[in-house]
Amino acid sequence: MAVAVANMTTAALDWVSVKFNAPLAGMVVFGVHIHGHLVVEVLLIAVILFQLSRKSYKPPKKPLTEKEIDDLCDEWAPEPLHPPITEEMLSEPPTLESAAGPHTIIDGKEVVNFASANYLGLIGHEKINDSCIGSLEKYGVGSCGPRGFYGTIDVHLDCEARISKFLGTPDSILYSYGISTIFSVIPAFCKKGDIIVVDEGVHWAVQNGLYLSRSTIVYFKHNDMSSLKSTLEKVTRGNRRAEKIRRYIVVEAIYQNSGQIAPLDEIIRLKEKYLFRVVLDESHSFGVLGSSGRGLAEHYGVPVEKIDIITAGMGNALATDGGFCTGSVRVVDHQD
Amino acid sequence: MVRLPYFTALTTLFSYGLLFAFGQMRDLFRKILDLPKSKKVQGYAPICLGLEDFYTRRLYLRAQDCFGRPIASAPDSWIDVVDRYSNDNNKTLHRTSNITKCLNLGSYNYLGFAAADEYCTPRVIESLKQYSPGTCSVRVDGGTTKLHTELEELAARFVGKPAAILFGMGYVTNSAIIPALIGKGGLIISDSLNHNSIVNGARGSGATVRVFQHNTPSHLEEVLREQIAEGQPRTHRPWKKIIVILEGIYSMEGELCKLPEIMAVCKKYKAYTYLDEAHSIGAIGKTGRGVCELLGVDPADVDIMMGTFTKSFGSCGGYIAASKEIIQYLKHTCPAHLYGTSMSPPAVQQVISAIKVILGEDGSNRGAQKLAQIRDNSNFFRSELHKMGFEVLGDEDSPVMPIMLYNPAKIPAFSRECLKQNVAVVTVAFPATPLLLARARICISASHSREDLMKGLEVLSKVGDLVGIKYFPVESENSHAEAKLKKLE
């Protein structure tokens, strides 16, 4: 029975192929013999091309109509600009009625001042007040312009020269506000893709600068040299691209939030071993540490050339406002 | 609006192309010559790779003597500019002790408070003796003196808002306040030509930032509608809040913002507005209260008004004025207030005295005189420059006038020729302005007298002829005016 069916199908197929082949049996087109299977293949290709040329079905895109946008805009209600005012927000700081020296007057009472960062007691110093009065009369109060557009007064340049002479660096550059010094310096040097190793306990301005620089940031435990060593190890191990990426360590000389001093000699040793550049913020140590007030480098006896970038806000020991940044020649040129 | 002639655009592009080619060639030579003696410290990656500082090294350094000129006097209407020379082709500049007295058309000294003033300076000296030059502490830790509270109330009253808060530096004001007001999930829509401090603040806040075409309320409306309908970028949740940031006078264009129309749009879509009046406070408006007064907008409509004391008041620092609750909230959270040194007391006193002079509370009418003077000066100067054929941007009454230069070679040429004739001007190029649109910016002050202005105009005209920047000569202007008159008749 199965044999009979098989025989019948083969007979039918043979008949079909003979019928197909017959009209084309002897045909030669362009030197190619036409066989039956060629016809089938051509038909198949034609069907495929037809399917490809048809548009695929996509659900129709319906953009929002004007009326719908109007409704959405009417419904939307913004949050208030500020959260509700709590009790602690209403507390006012004490108002001074005299200079912020060691003794000051608040509400008519004389109090001992433990709040100002007047480390060297320069507030109220006669010589400073006299020279300020002299320069007020000559130069007025403000500079009325940025440094590039006639805001550079010769005293600015003198001050920069004095600071670099005092610290022993080639040159320095002044900034007009203490906290903006560090959060301008960091983005100027550290761009996207660089690696920065930072202490956990740095203050807000440093954190803001790090965020603005968009580099990769790695924290190490506050003032813990073994943690710094292991972090540096982890970051540089197996990193073949390390030659091209700029690497920085950012520390503060005296930490504003905890009061600890960074061990500079250890840091310099580690930096030279792992080839990082050091950015040191000396806001609270300039004029305080070291036998002549030259800061952390003198305190530890480290030559100041080894530190790449030193920044400081002058709002503490120097009893004024503003900041400066100093370092090697290449660093200052780039800042300009 | 800038009307850039076609031929000028071509020549400018050609000049930049030439400079770029020269720069690349010099870099190539430097690389070849430096190969044997590599100065790179072994193992450290260089601070600047390749093209990062190409613009600074090859283009800016050629004209470096036009920027950062030191002065040896107060930035008043006449200044003493210190001469500088260079031994190594402008890479380093050394000061000499020669000074040249020049007419100052560059400093932001709008009301003339930069030099010693008869009312302000004695009071400043007194406050210096009483409060000393610095407070050495942050505002919350004992840096607030009576002067600070007095200035906050006075500034709020001057601007027309209930309360104000002070900061030590104008730039920091913007960069630190915007993150305190808005965070992730909020939307900031800022004008395309906003200042760098606003851009930094917006980026630092973490909110989404969108830009609308400069001074075009219709585009702002389009952007607002689209953004409110779509919601946050991927989740499509509704925005938490929307802040629109504009400036009173745009410092590179000299234009006023179209405040009434933009306020109407913001009110309709319930967006908050933040107005940066760094250049306009004290300088425009009948009583010096800024762009709101000039354009007739109620200050209570603008949610937050920011300004600086550097320009019209001759001091330093910035302020934010808003409702009492917002200021209390900012005092509690803003990092610049909690961590930044407070303003120096003599500087605060200078602002207090300056505001009192402007308001007339010092018993004289010098304030009103100064305001009228600066208005007359600006309008006179601008009309004269137009008549000479310069291309000057900016609106009526605005003391900032950019003159278009375009070509990169004209920038140092203009600056140096003017200095030779004892006029000090400021030229601005990329990156503060678009690459093709370099300009010289004139800032008029109330302390300029009519003779000063005439001298300035004379010198500008001569140098303009020499350098070739009179793009729109008078004949065509006259014929346009005549044609208009004929049409009216």
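**Ground rules.** I am looking at a predicted model, where local features need pLDDT of at least 70, side-chain atom pairs count only at pLDDT 80 or more, and totals for chains, interfaces and linings use all residues. Residues are numbered from 1 along each chain as its sequence is written, chains are lettered from A and ligands numbered from 1 in the order in which they are written, and side-chain values use heavy atoms, without hydrogens and water.

I looked up chain B in UniProt: an unreviewed entry annotates residues 101-459 as "domain: Aminotransferase class I/classII large". Such annotations may be inferred rather than shown by experiment; their positions follow the numbering used here, and feature names are shortened.

**Aromatic pairs.** How many did I find over all chains? The search gave eight. (Rings of Phe, Tyr and Trp, for Trp its six-membered ring, pair if their centres lie within 6.5 Å; planes under 30 degrees apart are stacked, over 60 edge-to-face, the rest tilted.) I saw that A:W204 and B:Y339 are stacked, 6.1 Å centre to centre with 15° between the planes. This pair crosses between chains A and B.

Next I checked B:F309 and B:F313, an edge-to-face pair at 5.8 Å and 70°. B:F309 is buried at 1% relative accessible area (buried is under 20%, exposed over 50%, partly exposed in between, with a 1.4 Å probe and protein chains only). B:F313 is buried too, at 1%.

**Charges over rings.** I noted the charged end of B:R123 over the ring of B:Y119, 3.8 Å from its centre. (This needs NZ of Lys or CZ of Arg within 6 Å of the ring centre and within 35 degrees of the ring normal.) The charged end of B:K370 sits over the ring of B:F113, 4.6 Å from its centre.

Methods
Helix = DSSP H or I, 4+ residues; strand = E, 2+ residues; numbered from the N terminus.
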